[in-house]
Each structure stands twice: as structure tokens, then as C-alpha cells.
Amino acid sequence: MTSINEQPIPAARPVIGEDEIEAAVRVLRSGRVVQGPEVAAFEEGFSRLVDDRHCVAVNSGTSALHLLLLALGIGPGDEVIVPSFSFAASANAVRLVGADVVFADIEPGSFGLDPAAVEAAITPRTAAIMPVHLYGHPAAMDKLMPIADRHKLAVVEDACQAHAAALNGTPVGAFGAGGTFSFYPTKNMHSLEGGMVTTADAELARTLRLLRNQGMEQRYANEIVGANMRMTDVSAAVGRVQLGKVEGWTEQRRANAAYLDARITAPAVTTPPVAEGARHVYHQYTVRISGDRDAAMAKLTEAGIGNAVYYPTPIHRLKPYWEPDQKAGRTWDLPETERAAAEVVSLPVHPSLTEGDLERIAAAVNSLGENL
């Protein structure tokens, strides 16, 4: 039970400091508040995180995925291979362009797409593979990229939880045809709300810029059918401030994770493994709990330790996907996905934690014992 002098430790804590507030106020006072110089500067700055790729800022991570698929020409008749163990936005973006979602199973360690499962899921209609760098751990891009190259498939990286993560020195968002990032308030860095698309292809970047702005580069000179998915300059100004801090925050997250790795010893709890060559940035510190997860979470909550399950229901079991599959007589064999959804719990790892907080988290987890 939480002591009367101990405040609960939240699972996540968005950072909005005086620097962010001052940046937002400065833009509001300028009168240039949408798709102006702050957005361009944010795009230029973010490019340094992704091997100097072109960056196109949009209004959300979901918009980033949606527009990238549109720009790649993926649509009706195409299939995109997606993990079911992810936030629904990963699959929703595929449906929004009219393509079909094909679910593939995950690796138990990284929670990313299993390359063997991806290879088995490829059909003549497959147009793209969408690896999700879940919880901040890079997917197995060293194995997925050769598969995509062999079958001439686009790779659309969902890096919405993985700012500054890398595999063998290459940052996520710099592997495939394009990468996507989210700047939602609880992400490793944020812009209040927003997203970014990254690509090495200048023509693809131009198409993305057209698509986000009603299909026009010059006012009233519409070239294609587009949408309004622009980022505001207020968001971009906040994002620029956060961009200057994200490396320090990332190292603090990694240090917090290392502390927990070294001190969590409860037999029923498995700490998150890290693949060789991977730079895990710990958007979430996600453990597996064998036994009664609900009871374990209740005990953690009673001890004042924030915790959550991301994601309790795999996408293929959500109503918009489950019901059409049932009608079509289609089933998915995803044992690692089902097991992960039943076992995972995310614990606080954010950079606002103190050493005392970390001690409390480890002690509360270890108090769970081995018989849950």
C-alpha cells in the first residue's frame, strides 16, 4: 500500500516546461501559426535523427502513416503485412487507403514482426511490409529488408514509439521507403500533437507535401487531390524545443531501464530483452508476467506504481477487423501475439523518475513473488 507520504508514480508523464510554453507563446504572438517557418525548421532539425532524410511534418502519427501509404500508391487490391500486436492506427492506415491488412506474428523478444512469419504471409497481392518498432525497440530490419528487396516490396516503418532508436547504427525511419513518427504528448518527445514522415526519395517527399496541403505547393495551384493534414507552427515550435532535449531524455530512459533490469528479480517477471545491435529507447519498459496479471497489476497500483497494458486486445480481435474476417471465414494463427497480449505490463521508465522512484518500482515488482 502507498505510504501517506508517497505520491503515486505515473506510468507516463508528458513534459511541458517553460521552454515549450515560451516557444508556443512566441509563435502565437508572431501571427504565423500554420505551416510556416517553424515547421520547416522542425523538419530540418528532425532530419538529423534519421540520417538526413527528407522530413515532412503532419498533424499526427496516424496521418503520417496514411499519407505515406497514399504517396506510395498503395490502395485497393493491395495487401500490407502488419503486426497485430500494435496500436490500431498501424492497421487503420492500411484500411484508410483501401488496401487489405494481412497480419503476421511477432518475435517474442522485440515484439516486432517475425521475419519468417512475414515471408510466409507474402502473396502476389502484397505491396508493402509495415514493421512497428514497438515500445522503442527496433524491429528486425536486418532480416526484413532483404525479404522486401527479394520480393520488391515497399517497407513502411511505423516508428511512432521509437524516436532515436537504431539497429546496427542505422536509425529507425531510415531503412525503408519511408518512416513515420508520432509526437503525441506521451511519446519520447512531443509537439503537443503531430507526426513526421521520413524518406530518402525527394519525389516521394514532394508528393507527401502536396498530399498534406490540399494537393498544392503554390496557393490555388492544386496539382493532385490532397487533404489538410498540416502541422501548426505552434506544434512545430514545441517540437523543436523537445528535439533539443530528446537525446538527454533517451539516455535517461535507457539508464532507468538498466537500473530496473539489474534490480527486478521476481521469478514471475521477465524484463525486456534487447536484440544484439539494437538501441532500445524505452518508450515503454514492458515486462512479461507469468501467472495472474490482473492480480499483479492490482498489487502494483496499491503500491502506487503506475502500470498499463499496451495492448490487451490484438488488432485482429478488434471489431473492425474481427467481424469482417469472421464473415469471410478467415482466421489468423498468431500464437506469439496472443501470448504477448496476455502477459505484458508496462512500468514507468520516463525521464522524470528519481532514483527513489526507481527503488520503489523495483521493490514493488519484487514483492509480487513467484506465485501470482
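**Figure 1. Residues around the largest pocket of this predicted model.** The largest pocket has 24 lining residues, and Phe87, Gln161, Ser182, Lys187 and Tyr311 sit nearest its centre. Its volume comes to about 440 Å³. A pocket here is an open set of points on a 1 Å grid over the protein atoms alone, with protein on both sides within 12 Å along at least five of seven lines; a lining residue has an atom within 4 Å of a point. Points are joined across faces, edges and corners, and a volume is the space filled by probe spheres set on them. Sorted by class, the lining has eleven nonpolar, ten polar and three charged residues (nonpolar: Ala, Val, Leu, Ile, Met, Phe, Trp, Tyr, Cys and Pro; charged: Asp, Glu, Lys and Arg; polar: the others, Gly among them). Helices (H or I, at least four residues) and strands (E, at least two) are DSSP runs numbered from the N terminus.

**Figure 2. The largest cavity.** Searching the whole structure turns up three cavities of 30 Å³ or more, and the largest holds about 100 Å³ of space. Its lining counts 15 residues, with Arg13, Val15, Lys187, Asn188 and Arg253 closest to the centre. A cavity is a set of grid points where a 1.4 Å probe fits but cannot get out. Seven nonpolar, five polar and three charged residues make up this lining.

**Figure 3. The second largest cavity.** This one has about 50 Å³ of space. Among the residues lining it are Gly109, Phe111, His137, Pro272 and Gln284. By class, that lining has five nonpolar and six polar residues, and no charged ones.

**Figure 4. Helix H7 and what it packs against.** In H7 (residues 202-212), Leu204, Ala205, Leu208, Leu210, Leu211 and Arg212 are buried, meaning under 20% relative accessible area with a 1.4 Å probe, protein chains only. These buried residues pack against helix H2 (37-47), strand E1 (54-58), H3 and strand E9 (195-199), where a contact is heavy atoms within 4.5 Å.

**Figure 5. The two ends of H7.** At the start, a side-chain oxygen of Asp201 comes within 2.9 Å of the backbone nitrogen of Glu203. Just past the helix, Gln214 has a positive phi of about 60 degrees.

*Notes.* Residues are numbered from 1 along each chain as its sequence is written, and side-chain values use heavy atoms, without hydrogens or water. Local features need pLDDT of at least 70 and side-chain atom pairs count only at pLDDT 80 or more, while totals for chains, interfaces and linings use all residues.

Methods. Buried < 20%, exposed > 50% of the residue type's maximum accessible area, 1.4 Å probe, protein only. Polar contact = N/O pair within 3.5 Å; in protein donor to acceptor, adjacent residues only side chain to side chain.
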